[in-house]
Amino acid sequence: GWDGILGLIPGVGDLITASFSFYIVFKAALLGCSFSVVLRMLLNILIDNLIDIIPIIGALFDFGWKSNLKNVELLENYFLNPARTRTVSKLVVISFVLFSFIVVICVVILTGYLFVWLFQSMQNKW
């Protein structure tokens, strides 16, 4: 729950919260969590840290997106129902990878259209 508060301290706060985050993932791996569950935990941390890059929004996001709490709950769920947690984690990770791939493809296509438009605009002015 301290992630949002510590995140307000520039640089140091993010370093402290990242240390706690990776400690939880490290312990999960030591306790025998499946690869998909560990990847999902890392995904939670990635989402948290990517949004943290955005000023103000990142700080506000920390108060709602509790990656450490999500990861501890994920660890508890894994020991209560490993098969289900493993399956759901695989689906979440695969969905994220597919979504990311689609976003990258869209950015590449839109960038291509932008360059074509700029090139045509420059030709029309000359």
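Reader: In which helix is the place of Ser89?

Author: Ser89 has its place in helix H6, residues 82-125. Helices (H or I, at least four residues) are DSSP runs, numbered from the N terminus. This is a predicted model, where local features need pLDDT of at least 70, side-chain atom pairs count only at pLDDT 80 or more, and totals for chains, interfaces and linings use all residues. Residues are numbered from 1 along each chain as its sequence is written, and side-chain values use heavy atoms, with hydrogens and water left out.

Reader: Is Ser89 buried or exposed?

Author: Start with the scale. Buried means under 20% relative accessible area, exposed means over 50%, and partly exposed is in between (1.4 Å probe, protein chains only). Ser89 counts as buried because its relative accessibility is 0%.

Reader: Which residues is Ser89 in contact with, leaving aside its neighbours within four places in sequence?

Author: Contact means heavy atoms within 4.5 Å. By that rule, and with those neighbours left aside, Ser89 is in contact with Ser36, Val37, Arg40 and Leu74.

Reader: With which side chain does the side chain of Ser89 make a polar contact?

Author: A polar contact is a pair of N or O atoms within 3.5 Å; within protein, one must be able to donate a hydrogen and the other to accept it, and residues adjacent in sequence count only if both atoms are side-chain atoms. The side chain of Ser89 makes one with the side chain of Arg40, at 3.4 Å.

Reader: Where does Ser21 lie, and what does it touch?

Author: Ser21 lies in helix H2. It is buried, because its relative accessible area is 4%. Not counting residues up to four places away in sequence, Ser21 touches Ile45, Ser67 and Asn68. With Asn68 there is also a polar contact, side chain to side chain, at 2.6 Å.

Reader: How far does H2 reach from its first C-alpha to its last?

Author: The expected span of a helix is 1.5 Å times one less than its number of residues. H2 has 19 residues and reaches 27 Å, close to the 27 Å expected.

Reader: Which residues of H2 are buried?

Author: They are Gly13, Thr17, Ala18, Ser21, Ile24, Val25 and Ala28. Seen down the axis of H2, these buried residues fall within an arc of 125°, so they line one face of the helix. The arc is that of the directions from the helix axis to the C-beta atoms. The face of H2 turned away from the buried side carries the exposed residues Leu15, Phe26 and Leu30. After H2 comes Gly32, with a positive phi near 95°.

Reader: Which residues of H5 are buried, and what do they pack against?

Author: The buried residues of H5 are Ser67, Asn68, Asn71, Leu74, Leu75 and Tyr78. They cover an arc of only 120° around the axis, which puts them on the same side of H5. They pack against helix H2 (12-30), helix H3 (35-52) and H6. Now check the span. H5 (residues 67-80) has 14 residues, which should span 20 Å, and its end C-alpha atoms are 20 Å apart, which agrees. Glu76 is partly exposed, with a relative accessible area of 47%. Glu76 and Ala28 are 48 residues apart in sequence, and 9.8 Å apart in space, C-alpha to C-alpha.

Reader: How is a pair of aromatic rings described?

Author: Such a pair is described by the distance of the centres and the angle of the planes. Rings of Phe, Tyr and Trp (its six-membered ring) pair if their centres lie within 6.5 Å; planes under 30 degrees apart count as stacked, over 60 as edge-to-face and the rest as tilted. By this rule the count here is two aromatic pairs. Phe61 and Trp65 are stacked, at 5.7 Å centre to centre and 15° between the planes. Tyr78 and Phe79 are edge-to-face, at 5.5 Å and 75°. Tyr78 counts as buried at 9% relative accessibility, and Phe79 counts as partly exposed at 47%.

Reader: What lies over the face of Trp65?

Author: Lys70 does, at 4.3 Å from the ring centre. A charge sits over a ring if NZ of Lys or CZ of Arg is within 6 Å of the ring centre and within 35 degrees of the ring normal.

Reader: Where is the place of Phe61?

Author: Phe61 is in helix H4, residues 57-64. At 25% relative accessibility, Phe61 counts as partly exposed. Leaving aside neighbours within four places in sequence, Phe61 is in contact with Ile47, Asp48 and Ile51.

How values were computed. Helices (H or I, at least four residues) and strands (E, at least two) are DSSP runs, numbered from the N terminus.
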